[in-house]
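Please have the chain open while reading.

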Amino acid sequence: MKKLLFLGYGPDQTSLLSVISDKGWQVRHEEDPVSDLGEFNLVVSYGYRHILKAGTLATAQRPPLNLHIAYLPYNRGAHPLFWAAYDGTPAGVTIHEIDAGVDTGPICFQEQVPIDLGADTFSSGYGKLINAMEGLFLAHIDELLAGNYVARPQVGQGTTHKVRDLPKGFTWSETIGPTIRRLKNV
């Protein structure tokens, strides 16, 4: 039986663990930092709060996959929907191979996701991105599990944001467009 390490969201936050298990994989879930990936045929990161260092990545049997709710190369790092709206970059989801950078690895699959800045709140927008991500993963699950895809390098410089870059003075329940205009003082 093939073994998969699922980093980040647990079974109470995503159904992907059970779907992968139903495909005949032994799935182990982890939220804490890991340092050795060698026993796993595949590693999937989704909502994981830790960076996999180069030494850890070197122990993997094949490049781990990251499910990032951004349309890479835009909005690498934290709070991608906020920055898509603030910077005027595309919103979307990307499944990419993890390399030594932060959200810089080759892209396996991605799609843009329409967000209504006049109606969606940050919370509802993130919900759309999460649904799109899980749909994209499920649409390509067999290819991803088998490693039967062609990853392509990211094109363009893109953008990167850290948690500390997020401005203060708004809540996730606010409508996106008016909040961004207010924060920019436009």
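Arg 76 is buried but forms no salt bridge, and the nearest side chain of opposite charge, that of Asp 103, is 6.7 Å away. The model is predicted.

- Arg 76 belongs to strand E5, which spans residues 76–77.
- A salt bridge requires a side-chain nitrogen of Lys or Arg within 4 Å of a carboxyl oxygen of Asp or Glu.
- Leaving out residues up to four places away in sequence, Arg 76 touches His 68, Val 102, Asp 103 and Thr 104 among others.
- The contacts of Arg 76 also include Gln 154, Gly 156, Gln 157, Gly 158, Thr 159, Thr 160 and His 161.

**Aromatic rings**

- The count of aromatic pairs is 11.
- In one of them, Phe 82 and Trp 83 have ring centres 4.9 Å apart and planes at 85 degrees, so this pair is edge-to-face.
- Both Phe 82 and Trp 83 are buried.
- Ring pairs join Phe 82 and Trp 83 with Tyr 86, Phe 122, Tyr 126, Phe 170 and Trp 172 in a cluster.

**Charges over rings**

- Tyr 86, a member of that cluster, has the charged end of Lys 184 over its ring, 4.9 Å from the ring centre.
- Lys 3 lies over the face of Phe 40, at 5.7 Å from the centre of the ring.

- Most peptide bonds are trans, and most residues other than glycine have a negative phi.
- The peptide bond from Leu 72 to Pro 73 is cis, with omega near 20 degrees.
- Pro 73 is in the loop between strand E4 (65–68) and E5.
- Asn 75 lies in the loop between E4 and E5 as well, and its phi is positive, near 60 degrees.
- With a relative accessible area of 1%, Asn 75 is buried.
- His 79 lies in the loop between E5 and helix H3 (80–87).
- Phi of His 79 is also positive, near 55 degrees.
- His 79 is partly exposed, at 22% relative accessibility.

How values were computed:
Residues numbered from 1 in each chain as written. Predicted model: local features only at pLDDT ≥ 70, side-chain atom pairs only at ≥ 80, totals over all residues. Heavy atoms only, no water. Helix = DSSP H or I, 4+ residues; strand = E, 2+ residues; numbered from the N terminus. Buried < 20%, exposed > 50% of the residue type's maximum accessible area, 1.4 Å probe, protein only. Lys, Arg positive; Asp, Glu negative; His and termini not counted. Contact = heavy atoms within 4.5 Å. Phe/Tyr/Trp six-rings, centres within 6.5 Å; stacked < 30°, edge-to-face > 60°. Lys NZ or Arg CZ within 6 Å of the ring centre and 35° of its normal.
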